[in-house]
Amino acid sequence: MKPAPFDYHRPETATEAVGLLAELGDEAKVLAGGQSLIPMLALRLTAFGHLVDVGRVDGLRGIERRNGGLWIGAGTTAATVERSADVAAALPLLARATPFVGHFQIRNRGTVGGSLAHADPAAEYPAVALALDADLEALSPRGTRCIPAGAFFTGLWGTALEPDELLTGVTFPAWSGRCGFAVEEVARRHGDFAIAGAAVAVELGGDDAVRRCGIGLIGLGSTPVRAGRAEAAATGATVGDVDADEVGRLAVADLDAVPSDLHGSAAYRTRVGAVTVARAWSAAVEEARGG
Amino acid sequence: MADVDVRMTVNGLPREARVEPRLTLADFLRDRCHLTGTHLGCEHGVCGACTVLLDGAAVRACLVFAVQADGAEVTTIEGLGPADGGLSAVQRAFRDCHGLQCGFCTPGFVVSVTAFLRDNPDPTDEEIRHGLAGNLCRCTGYQGILAAARQAAGSGAE
């Protein structure tokens, strides 16, 4: 057995789960699908005295139409998202990002909420949540609060969640109109963590102006990041005048914490990142123009 | 640290034990059920050698604690073939196509391919490659494995 010993708790309701989190404090960690947490425990990168398994908590799974978007329960697996006709219809960006999430065996266990709460900068779902301005819903003994994706990711594997808060669901707005969506990644092997990548959403007006756009970057910081400067430069411009390579260049221009490891130096990842943004931008624009 | 009682059905037989919560499903199967066909390579979710079916879904048994599988139905490599001890269609295809060299990774590949073909019975080569991507073969005998998956798909494998 590789992980350090821990006590195991399996609450049946979300209220019971947050009660345990409040009682156990910093010693407790939420266990969802475990596809990120268990490797970290096995490698002893981290250890907790208590794991609170929310895998059987009622009400944490499901996909529902809500407020012009889709609410996805935090405990919903990536495999369920992958098979969902509602996600394919309403959230093409999420649908297209999902096959990049690990391998199918990982997607059978790994959850949407787990990926967001783990907040790995190289993960796909945080980038999609940022690009689409998703709202994350957190429960604590004090009640429920809503955290915009833009305020959720605070540092390496760090989020705005308090120790006694449980991520219960996330609402992704469905973009309608002349929209296009694309995810581009470069990885050594399909399903591995990306060396760099991007998730892009674009909406065009009838006059071909960029009405809004969202660019989430994958693997290009210490935290999931959004390419705000590139988005600002493109928004309002006539789409035919927007140079995709320039969008890519602007998207990586302000990055200051690009990881560097044996899979690629920071400089290499930055260049690959710019290329993936440019490709995703072009693909999303093409789809929006055709639609 | 309190031990926990777990019960599950493994290859059709009921199993129960009192375990430490940190015991993985893979170690439970190997050490408690003595089903050593489930192999452990990396033990942190990279290699896929420990792949089993958990309520029908292919998962890495090193990334599931046994306590999480309480009440579940588990199928290991030992449970894939017919009851008479013969080979499943996927296992036959691996033998026919020389889809193994040292054999260490083979249980994980066979379980993964079995689940993949069940959900995707008529895959393209590209889809097979993606389906195999979660398992590592350190002998790098991937062409034989790809051929085995292709043959098993053609035979309407279970």
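Predicted model: local features only at pLDDT ≥ 70, side-chain atom pairs only at ≥ 80, totals over all residues.
**Sheet in chain A.** I found 3 strands in an open sheet, ordered β1-β3-β2, with parallel pairing. Which strands stand at the edges? They are β1 (7-9) and β2 (28-31) of chain A; each has a single partner strand, so one side of each is left without a neighbour in the sheet.

**One pair up close.** Next I followed β2(A) to its partner. It pairs with β3 (residues 50-53) of chain A in the parallel sense, over 4 bridges. For a handle to click on, I picked V30(A), whose bridge partner in β3(A) is V52(A).

**The helix across the sheet.** I then turned to helix α1 (residues 14-24) of chain A. This helix lies across β1, β2 and β3 of chain A, and I noted that α1 runs at about 170 degrees to β3(A).

**Where the chains meet.** How many residues of chain A are in contact with chain B? I noted 25 residues of chain A, in contact with 26 residues of chain B. On the chain A side, β1, α2 (37-42), β3 and α6 (104-107) each supply at least two residues. I sorted that side by class and got 12 nonpolar, 8 polar and 5 charged residues.

**Chain B, overall.** Moving across, I counted 5 helices and 5 strands in chain B. Along the sequence I read the pattern as β-β-α-β-β-β-α-α-α-α. I checked the radius of gyration too: for 158 residues a compact globule would be near 15 Å, and chain B has 15 Å, which agrees. Along its principal axes, the C-alpha trace of chain B spans about 50 × 30 × 25 Å.

**A helix pair in chain B.** My last stop was helix α2 (residues 89-96) and helix α3 (residues 106-119) of chain B. They pack at an angle of about 125 degrees, with their axes 9 Å apart. That makes α2(B) oblique to α3(B). I noted the crossing of α2(B) and α3(B) as right-handed. Which residues meet there? From α2(B) I listed V90(B), Q91(B) and F94(B), and from α3(B) they meet T106(B), V110(B), V113(B), T114(B) and L117(B). By class, I put this contact down as 5 nonpolar and 3 polar residues, with no charged ones.

Definitions and conventions. Residues numbered from 1 in each chain as written. Chains lettered and ligands numbered in written order. Pairing = 2+ DSSP bridges. Contact = placed C-beta atoms within 7 Å. Axes fitted to C-alpha atoms, helices over the stretch in contact; angles between N-to-C directions. Nonpolar A, V, L, I, M, F, W, Y, C, P; charged D, E, K, R; others polar. Parallel < 35°, antiparallel > 145°, perpendicular 65-115°, else oblique. Left-handed = near helix turned anticlockwise from the far one by under 90°. Rg over C-alpha atoms; globule rule 2.2 N^0.38 Å.
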